[in-house]
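Visitor: I am new to reading protein structures, and I would like someone to take me through one slowly. Could we look at it together?

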Amino acid sequence: MPKAAATKTSDEAKPARKAAPKKTTDGAAKKSPSQYQLYMKNNLPTYKGENPDKTHKEAFAEVAKLWKDAPENPNRGKDAPVRKAAPKKAAPKKKAATPEASADEEDSE
C-alpha cells in the first residue's frame, strides 16, 4: 500500500520575519564604515576607470596615498603616530630527549 504524500503545514504557518540587523561573530552590532573605508569605496572605482592599465593592488595603493591629503581625512596634515614594536613571545621550551633520561625511564619499568 503506497504512503500518502505529506503536506507541509509548518512552513505555511510561519509568519514572515523582518531582516535583523547584521551582527558580528560575537553578537555585537555591526559598526558603521570608517571615513577611510567610505573614501576608498567611492574613489577606487573612479581611479580604476581612469587608469585601466593599473592592477588592483597598484590602484589601491595610489588611492590610499591620495587619502593622506583628502579633505575627508580627519587627520589631514598630521604626522602618523609612531608605533612601538610588539614584544616577541618566547617560544615554549621542549624537553630535551637525552640518552640518560631515556635509560632512566627504562630502568624504572
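Predicted model: local features only at pLDDT ≥ 70, side-chain atom pairs only at ≥ 80, totals over all residues.

Visitor: How far apart are the end C-alpha atoms of helix α3, and what span should its residues give?

Guide: Helix α3 covers residues 56-67, which makes 12 residues. At 1.5 Å a residue these should span 16 Å, and this agrees with the distance between the end C-alpha atoms, which is 16 Å.

Visitor: Which residues of α3 are buried, and why do they line one face of the helix?

Guide: An α-helix has 3.6 residues a turn, so residues three or four places apart point the same way. On the other side of α3, Lys57 and Lys65 are exposed, while the cover over the buried residues includes α2 (35-50). The buried residues of α3 are Ala59, Val63 and Trp67. Seen down the axis of α3, they fall within an arc of 90°, so they line one face.

Visitor: How much space lies in the largest pocket?

Guide: The lining of this pocket includes Lys68, Asn73 and Asp79, and by class it has 2 nonpolar, 3 polar and 3 charged residues. The space in the largest pocket is about 160 Å³.

Key: Residues numbered from 1 in each chain as written. Heavy atoms only, no water. 1 Å grid on protein atoms, 1.4 Å probe; cavity = no way out; pocket = protein on both sides within 12 Å on 5 of 7 lines; lining within 4 Å. Points joined across faces, edges and corners; volume = space filled by probe spheres on them. Nonpolar A, V, L, I, M, F, W, Y, C, P; charged D, E, K, R; others polar. Helix = DSSP H or I, 4+ residues; strand = E, 2+ residues; numbered from the N terminus. Expected span 1.5 Å × (residues − 1). Buried < 20%, exposed > 50% of the residue type's maximum accessible area, 1.4 Å probe, protein only. Arc of directions from axis to C-beta. Contact = heavy atoms within 4.5 Å.
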